[in-house]
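Here is a short briefing on one protein model. Look at the structure first, then read the points by topic.

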Amino acid sequence: MDFPTSFPSQHQDEQPGLEYEMKPSPIFDDPKYNKKGDALNNKVAIITGGDSGIGRAVAIAYANQGADIVIVYNNENKDAEETKKLIDGIGRKCTLIAGDISIASFCNSVVEKTMSEYGRLDILVNNAAVQYECTDIKQLPDEQFDKTFKINVYGTFYMTKAAMKHLKPGSCIINTASIVAYKGNETLIDYSMTKGAIVAFTRSLSMALSKGKTGIRVNAVAPGPIWTPLIPASFKGQKISQFGSDTPMGRAGQPVECAGAYVFLASENASYITGQTIHVNGGHIVNG
């Protein structure tokens, strides 16, 4: 498949963005990358931010591997309904739950609803995030800093804490980190901080669960520049048209190119892997 190497100028005013408004649409599924199988047969996965972008690609990939999916999203109803329709077409169950993951009680309700409807929870993918560009730290609003941490870090913590009541040996937690946790980003300082926190959380929790011999694995995926709704919701102009062109591969990645890493980490093929991060970033060497 030929992937885009440039994008038309566009911008969205609301975070974390809407997939159906993007041009071109992100590539979230392709038989070459997303083959059907039984690696996750009859497992149940909660995916935050599963309505679009990387989350949508992971949801579809998991469904293709036999999993039922609970998609947690903010208010992007049209994107969420489209993702559910795609999963229904695969023949797996899909539940949509809208709300704010920065509120602990909501996260608890997501897990309880999942247990009530499916009777089990095997995989938690903490993927939802927001980012806001700011070129001068002196101008970075306290409210923006607070919101970015509340969704990206608090949401990850609250969802994980709620899920731990029901995860059993063989279950796993997969967090979405980012290349910026390792390289930094001069205009995404608060976002980069949250992704660094998620890497530290992944490593620390994996150690705690390993020493406790719970049989629960914790890993992360650190994408580089991936064409998702977060991008037009964060940037505009030349930053959109040239997005991803500075990678060694010379282009942005597509969500479907990330999904396989999440499938691998959720499968038995990764049974001896915990506390680690897979870097899907177009060739940047980050030594992390």
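Is Glu-268 buried or exposed? Glu-268 is exposed, with a relative accessible area of 53%. Here, buried means under 20% relative accessible area, exposed means over 50%, and partly exposed lies in between, with a 1.4 Å probe and protein chains only.

This is a predicted model: local features need pLDDT of at least 70, side-chain atom pairs count only at pLDDT 80 or more, and totals for chains, interfaces and linings use all residues. Residues are numbered from 1 along each chain as its sequence is written, and side-chain values use heavy atoms, with hydrogens and water left out.

**Salt bridges**

- The structure holds nine salt bridges. A salt bridge is a side-chain nitrogen of Lys or Arg within 4 Å of a carboxyl oxygen of Asp or Glu.
- One of them joins Glu-268 to Lys-43, with the closest N and O atoms 4.0 Å apart. This pair links distant parts of the chain. Glu-268 sits in the loop between α8 and β7, Lys-43 in the segment before β1, and 225 residues separate them.
- Lys-43 counts as buried, at 14% relative accessibility.
- Glu-133 pairs with Lys-239, and their closest N and O atoms are 2.3 Å apart. This pair also links distant parts of the chain: Glu-133 is in the loop between β4 and α4, Lys-239 is in helix α7 (residues 238-241), and they are 106 residues apart.
- Glu-133 is partly exposed at 30%. Lys-239 is partly exposed at 41%.
- Lys-138 forms a salt bridge with Asp-136, with the closest N and O atoms 3.1 Å apart. Lys-138 is exposed, at 67% relative accessible area. Asp-136 is partly exposed, at 23%.

**Nonpolar cores**

- In soluble globular proteins, nonpolar side chains tend to be buried together.
- A nonpolar core is a set of buried Ala, Val, Leu, Ile, Met, Phe, Trp, Tyr and Cys residues joined through side-chain atoms within 4.5 Å.
- The largest core has 35 residues. Tyr-62, Ile-69, Ile-71, Ile-123, Ile-174 and Tyr-262 have the most contacts inside it.
- Several helices and strands supply at least two residues each to this core, including β1 (44-48), β2 (68-73), α2 (77-90) and β5 (172-176). Helices (H or I, at least four residues) and strands (E, at least two) are DSSP runs, numbered from the N terminus.
- Helix α1 gives the most to this core, with eight residues.

**Inside the fold**

- Ile-71 lies in strand β2. Ile-71 is buried, with a relative accessible area of 0%.
- Leaving aside neighbours within four places in sequence, Ile-71 is in contact (heavy atoms within 4.5 Å) with residues including Ile-47, Ala-59, Ile-87 and Cys-94.
- Ile-71 and Cys-94 are 23 residues apart in sequence and 7.3 Å apart in space, C-alpha to C-alpha.
- Thr-48 lies in strand β1 and is buried at 2%. Beyond neighbours within four places in sequence, Thr-48 contacts Val-72, Ile-101 and Met-159, among others.
- Why is α8 largely enclosed by the rest of the structure? Eight of its eleven residues are buried. Among them are Val-256, Cys-258, Tyr-262 and Leu-265.
- The cover over the buried residues of α8 includes α1, β4, β5, β6 (217-223) and β7 (277-280).

**Cysteines**

- A disulfide is a pair of cysteine sulfur atoms within 2.5 Å. By this rule, the count is zero.
- The sulfur of Cys-107 is 18 Å from the closest cysteine sulfur, in Cys-94, so it is too far for a bond.
- Cys-107 is buried at 0% relative accessibility. Cys-134 is buried at 13%.

**A surface patch**

- Ile-137, Phe-145, Ile-189 and Met-193 form a nonpolar patch on the surface. Patches are made of residues with over 30% relative accessible area and no salt bridge: like charges are joined within 9 Å, nonpolar side chains (Val, Leu, Ile, Met, Phe, Trp, Tyr) within 5 Å.
- Together these four have about 350 Å² of accessible area, by the Shrake-Rupley method with a 1.4 Å probe, where for residues only the protein chains shown count as cover.
- Phe-145 is found in helix α4 (residues 142-163). Phe-145 counts as partly exposed, at 33% relative accessibility.
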